[in-house]
Structures are given as structure tokens and as C-alpha cells.
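Welcome! Please take a first look at the sequence and the model below before reading on.

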Amino acid sequence: HMPARNYKGIDARRDHGMKVPRPDLTTALGTPDACSGCHADKPAAWSAAAAERWYGAPATDPMPAAVAIAGAWARAPGAGDALVAISRDTARPGIVRATALTLMPQNPTRYTVSAIQVAVGDRDPLIRRAAAEQIEMLDPAMRAPLALPLLLDSVRTVRLAALPALAGLPDSAWTDTQRDAFARVLAEYRASQLFNADRPESWANLGNLDARLGEVTAAEGEFARAVRLQPQFVPAYMQLAELYRTSGREASADSVLRLGLERVPANTDLQYQLGLSLIRQGRKADALPLLKAAAESGNSHYAYVYGVALFDGGQSALAVTTLRKALAATPDDRELLYGLASIAAAAGQREVALGAARRLAALDPGNEEVQRFLAQLEGGAGPPP
């Protein structure tokens, strides 16, 4: 019931969840289970069949958390609704419900916002903290009403998690009590990061906070310090480059990304960001090799951007090929489907466009924009501008 697995590649640690072994999930999802740990000479299907003979078919209602989480990672149809259901199921462990909340931004549904609103007031601090971390994804007008009460939470990690959603928002409508609470938690946050000042992550966190607050000079120094502490810490290069971009210093963004690639060669995230920087500089031909390398990492968004860049550069056929290849790995990715439908339609590949658009409409039947897009293609019109 407590199989050991190597933790961070260093030492074996046992799972402290006393869960019922589910070899059927090993068969379906590839997850480890205690049965297969002992009966290593037998396939997982053998263990699953034995368990079903002894105990009957495993329960499927409510949905096992592993199924929902695997679906969320794959952005499978229905994953968002499953996450909402898990987040609201108080019979489940808090850590499972909190995990469901953290996966909602990648799997949004019409119920996502209400799930976050409910979770903000949950009794379990794990749930409140996870909800606080998702508030930043919401419309700015919704952030303050949800995050401000959490600044007074009795649990410090909840207070700190609520802070980023408020940083940079106008405070003219806040009460004096709310401004005082924000100032106290801001000081708490800085102190918590400085406690680990030997770590580049702490300085990057401070840089992100100050960037939101409009303290550009302070943020620049904090990101630079993170780079000095750990020259292989990729996020600091990317965050510093973004700071330069948003402050109108594209040449500086280019330079810091190239420095990152010198120190961490072939890093796909840095290649992608440098490719975008080159596009912003009008150097589209120089950007394409970098975007191609990033897309080949398997990141679906990077593949989408590379496909769009190819299309913009007049390489429509290669753009369609690129997007179709990426979709073979992630067939339900909505961004890739929309990109393929749009570009294939513009390139005159109507059947390819219709196939992608129909799949997209089936995945998102409530999306009126998608349904209009499909209707335009079926009616013989081109893609929307």
C-alpha cells in the first residue's frame, strides 16, 4: 500500500497515502500501484483481473482523481468539469481538491470562476491557498473582491498567495484597513523571500513582485542577482527579458536571452523567447530556426506559434504540416486545432480545415465563436480575420 519511489533521483521514499491499490489505473494511465510493485513478473492487467475477481469491478463514481488529473494534463474533453467537481467534493482529501484547482487555468469551463469563488472560503487552508493562486487568472475587476479578504487569513501561506493577484491593481477603492493589510502582507512576502536569499528563486520572486508594482529598477536588480547566484537558472533570464520588453528595451531583452543561451545551450524556452524577440525586431527569417527548435521540444504552444510564423512568412504548406504533426501528439489541443483550421482554410486546404474545425466544435460545443467559425467554413467562406 506504500510503494517506494525515488524522490528527485536521490533516495527512495514511500508514498504515505494508505490507498486501495488500483492496478486497473496502472493499465489505463501507467500509474504505479502496490500490486505491480510486488508482482513485478506479471503485467498490470493480470493484477487488475485478480483484484476484480476478488473485490468486483472498481468504482468509477466518483471519478478517480488520477483519471481527472491525467485528463487535465492532456487537456482532454471534459477535464475542466471533472476538476470543478473534484474541487467541490468535500469528501476528498484537501490536497486532491487543491491540485484540481491548480489545474483549472489550463482547462477552463464556464464553472471555473465559480469554483474558485467557492474555494476562497473553504475551511481547509490548502484549498484557500490554491484558490488564491488562481485569482490572478481572473478579470482584474474580480481580483480585489476575492483576494483582499485573504490578506487577513490566519494562515500565512494563504496571505502570501493572495498578494500577487493584488500587486499593481489600483487601490483607490480600497479602505484604509485593506491598504494597511496589503502593506503588512507585502512586508511579510519580502521577508519570506529574503529568508532564502541564497536561492535564485527568491530573487526572481521579488523581481516579479516589483515588476507588478511598477518598481522597474528594483526588479531589474533582483533578476540580475538571481542570474549571478545561479547562471543556469533559466526563469531569471526570461523574466528579465520580459521586463526589458515591457519597458521598451527590446535590444536588452535580446542580449539577456542570448546570454542565457550561452550558459544553457539549446534551452527551448530561451530559444522560443529569443525567437519572439527577433520577430518583434522585424527579423522574422532569423526567428524561424529558433522557433522551430522550440517547437520540436513537444510544447504544443511553441508548435502553434512556429506554425503561425511559417504562415506569416509565406510557407503555408509547411505551416499546415507542422500543426498537423503537433496535433498527432496532442489531438485535443484547442489552440492547435484553431490554428490548423484557420491556416489550412487560408491555404486552400478546405478538407483539412473542416476536419480541424469540426473537432474543435465538438470539444467546445458551447463556444459561440467556434461554432460561427465552423459555419463559415462549411458555408465556403474563409477563416475569420
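This is a predicted model: local features need pLDDT of at least 70, side-chain atom pairs count only at pLDDT 80 or more; totals for chains, interfaces and linings use all residues.

Residues are numbered from 1 along each chain as its sequence is written, and side-chain values use heavy atoms, with hydrogens and water left out.

**The pockets**

A pocket here is an open set of points on a 1 Å grid over the protein atoms alone, where a 1.4 Å probe fits and protein lies on both sides within 12 Å along at least five of seven lines; lining residues have an atom within 4 Å of a point. A volume is the space filled by probe spheres set on the points, which are joined across faces, edges and corners.

| Largest pocket | about 1600 Å³ | Lys19, Val20, Arg22, Leu25 and Ala66 |

Helices (H or I, at least four residues) and strands (E, at least two) are DSSP runs, numbered from the N terminus. Helix H3 (44–55) is one of the elements that supply at least two residues each to the lining of the largest pocket, and strands E1 (4–7) and E2 (11–14) are also among them. The largest share, eight residues, comes from H3. By class, this lining holds 30 nonpolar, seven polar and 11 charged residues; Ala, Val, Leu, Ile, Met, Phe, Trp, Tyr, Cys and Pro count as nonpolar, Asp, Glu, Lys and Arg as charged, and the others, Gly among them, as polar.

Around the second largest pocket, the lining has eight nonpolar, six polar and eight charged residues. Helix H5 gives the most to this lining, with three residues.

**Two helices that meet**

H5 also has a partner: the axes of H5 and H6 come within 8 Å and cross at roughly 145°. Axes are lines fitted to C-alpha atoms over the stretch in contact, and angles run from 0 to 180 degrees between N-to-C directions. Leu83, Ile86, Ser87 and Arg88 in H5 meet Val96, Arg97, Ala100 and Leu101 in H6, contact meaning heavy atoms within 4.5 Å.

**A loop residue**

Is Asn267 buried or exposed? Asn267 counts as buried because its relative accessible area is 17%, where buried means under 20%, exposed over 50% and partly exposed in between (1.4 Å probe, protein chains only). Asn267 lies in the loop between helix H15 (250–263) and helix H16 (268–280). Leaving aside neighbours within four places in sequence, Asn267 is in contact with Val234 and Leu261.
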